Amino acid sequence: MTLQTDKSRFEAIWRAHRHQVLAYCLRRASSADAEDACAETFLVVWRRIDAIPPAPKTLVFLYGIARKVLSNQSRAFYRRGRLHTKLTNLGMTSAADPMHIVVQSADDRVVTDAVRRLKPIDREIVMLDVWEDLSRAEIAEVLGMTRSAVDQRIHRAYQKLSRALEPVLELRSISSPPDAEEGGT
Amino acid sequence: MTHDQIREMVRRVNPIPDPSIFESVDVPVLRTPLERRMEMQTDRREVTNGRGQNRWRGPLVGIAVAAAIVVGGLVVVLTNDDPPVATPAPNATRINPEEMDSPLAPGAYFVDPDGDETSSLGGTFVIEGTGWTALPSGTRKEFGEDYVSLMVVEVDQVWSPACVEPAALAAGATAADLANQVAANGFAIQEALAPVSAFGHDGHHLVVEVPAGCAGDSFMVWDGPTFGRFYQSPGQVVEYWFLDVEGIPVMVEASWFPVSPEEDVAELRAVTDTLVLTP
């Protein structure tokens, strides 16, 4: 392929996926690290432009590169451990009722703690499943795992999350009683 | 509790729920450094024009060979005899994965090779020097952009051969299987696999050097519950111990670079000598 064609293709990939790749990195690293990782990911894309598969497989391939960049050993080690810090710094969702805000905030803490306590590889699978909204086959591709390994891990991860999040669900059902029956005089 | 309920709860704490929020900024922070580096890459591509792309390989091999001679002595020092088994350091401070890069003061530390707080499997080691920082399952000391490091991990997957992806194998169920997988994935072998007794357990020992030539400079080796590892520095030396810790294969990995200061490598050896694996 000529250099000009390579550049055009790179530009197209950049335009189509830069935000998703940056979001992927920001969900797993600090802002500065995420920007580095995203730039590095696209540099790899540039170097390996011939190996980048066409849509709809491009994004999954980019996630795979970004994941490896984040675990790059040459200048820095893995950064996904910063997830917890990132999650605990989240803003709260909009809600009018102050009590609701308190409950929501406590809920969020329970959820983030539960996700944090997963094994990192299981946590990554859950994040790819829920946040990147990938299919299990796509998750397997990003992680270089077999589909059955992803199925097993996701099943185990959801069991663990279920145990941890059950109390939150119960609390919600207590704090949100059924609507009162409408009546009139 | 259904999967959908769990997914909804996790979805709600997504830090970037919609990447289109970046549309208005066009990621300028990324664009500038990326463009600069792409220009450098482009210049190189234009010069080589598809020929001589491996022009660095010869000198790199030469450097690697010279480095191998230099570090050979260090390897011998590090692997000379089975060290006496240390006793677990009392009151060791746990290194949690989220403490990545945190400085570690001199003292005893505990790492969790399987990332599972409910299991007792662990490794303890003692750091006496300064400048060490935390890894999710180990420690390292930086020197410029290089480092010496010690890691204690369970392995989920092994890439074999290392340059090809996706080609992850499920990690072998025994320490011997795992050792054979890693030994076969394309490293330059400095010391072949050999039986060893180390850190209180039996297993296999291997010393390798990271070769040049992988696409994207990514020599992928293994992925585990606490960490993923690939190397981008040809010439980096990695010493492995694959140990059977009461039926669980645990991998200990010490690594350094040809340019690593001797005192850092000596400190790495000292930290490694204090390592104890507990089932």
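The legends below describe close-up views of a predicted model.

**Figure 1. Helices and burial in chain A.**
Chain A of the predicted model contains 8 helices and 0 strands. Read along the sequence, its pattern is α-α-α-α-α-α-α-α. Of its 185 residues, 43% count as buried. Among the chain A contacts between residues at least 6 apart in sequence, 62% join residues that are at least 24 apart.

**Figure 2. Contact between helices α1 and α3 of chain A.**
Helix α1 of chain A covers residues 3-26 and helix α3 of chain A covers residues 58-70; their axes come within 10 Å and cross at roughly 45°. On the α1(A) side the contact is made by A:Ile13, A:His17, A:Gln20, A:Val21, A:Tyr24 and A:Cys25. On the α3(A) side it is made by A:Thr58, A:Leu59, A:Leu62, A:Tyr63, A:Ala66 and A:Leu70. The residues of this contact divide into 9 nonpolar, 3 polar and no charged.

The peptide bond from A:Ala55 to A:Pro56 is cis, and its omega is near 10°. A:Pro56 is found in the loop of chain A between α2 (31-47) and α3.

**Figure 3. Contact between helices α3 and α7 of chain A.**
Helix α7 of chain A covers residues 136-143 and packs with α3(A) at an angle of about 40°, the two axes being 8 Å apart. The two helices are therefore oblique to each other, and α3(A) passes α7(A) in a right-handed crossing. From α3(A), the residues in contact are A:Val60, A:Tyr63, A:Gly64 and A:Arg67; from α7(A), they are A:Glu138, A:Glu141 and A:Val142. By type, the residues of this contact divide into 3 nonpolar, 1 polar and 3 charged. A:Tyr63 also takes part in the contact of α3(A) with α1(A).

**Figure 4. Contact between helices α6 and α7 of chain A.**
Helix α6 of chain A (residues 120-130) packs with α7(A) at an angle of about 135°, with axes 10 Å apart. α6(A) and α7(A) are therefore oblique to each other. The crossing of α6(A) past α7(A) is right-handed. A:Glu124, A:Ile125, A:Leu128 and A:Asp129 of α6(A) meet A:Ile139, A:Val142 and A:Leu143 of α7(A). The contact holds 5 nonpolar residues, no polar and 2 charged. A:Val142 is also part of the contact of α7(A) with α3(A).

**Figure 5. A:Asp133 in the loop between α6 and α7.**
A:Asp133 is found in the chain A loop between α6 and α7. Although A:Asp133 is not a glycine, its phi is positive, at about 60°. A:Asp133 has 10 C-beta neighbours inside 10 Å and so counts as exposed.

**Figure 6. Surroundings of A:Arg147.**
A:Arg147 is found in helix α8 of chain A, which covers residues 147-175. With 14 C-beta neighbours inside 10 Å, A:Arg147 counts as partly exposed. Leaving aside neighbours within four places in sequence, A:Arg147 is in contact with A:Arg136, A:Ala137 and A:Ala140. A:Arg147 and A:Ala137 are 10 residues apart in sequence, and their C-alpha atoms are 5.7 Å apart in space.

The largest nonpolar core has 56 residues, and B:Leu243 and B:Val252 have the most contacts inside it. Strand β14 of chain B (residues 237-245) supplies the largest share of this core, 7 residues. A second, separate core has 49 residues, among them A:Tyr24, A:Ala39, A:Leu62 and B:Val10.

**Figure 7. B:Phe199 between strands β10 and β11.**
B:Phe199 lies in the chain B loop between β10 (188-198) and β11 (201-209). Its phi is positive, at about 55°, although B:Phe199 is not a glycine. With 26 C-beta neighbours inside 10 Å, B:Phe199 counts as buried.

Conventions. Residues are numbered from 1 along each chain as its sequence is written. Chains are lettered from A and ligands numbered from 1 in the order in which they are written. This is a predicted model: local features need pLDDT of at least 70, side-chain atom pairs count only at pLDDT 80 or more; totals for chains, interfaces and linings use all residues. Axes are lines fitted to C-alpha atoms, for helices over the stretch in contact, and angles run from 0 to 180 degrees between N-to-C directions. Helices (H or I, at least four residues) and strands (E, at least two) are DSSP runs, numbered from the N terminus. Two residues are in contact if their C-beta atoms, placed from the backbone, lie within 7 Å. Ala, Val, Leu, Ile, Met, Phe, Trp, Tyr, Cys and Pro count as nonpolar, Asp, Glu, Lys and Arg as charged, and the others, Gly among them, as polar. A residue is buried if 20 or more other C-beta atoms lie within 10 Å of its own, exposed if 12 or fewer, and partly exposed in between; C-beta atoms are placed from the backbone. A nonpolar core is a set of buried Ala, Val, Leu, Ile, Met, Phe, Trp, Tyr and Cys residues joined through C-beta atoms within 7 Å. Angles under 35 degrees count as roughly parallel, over 145 as roughly antiparallel, 65 to 115 as roughly perpendicular and the rest as oblique. A crossing is left-handed if the near helix is turned anticlockwise from the far one by less than a right angle, and right-handed if clockwise.
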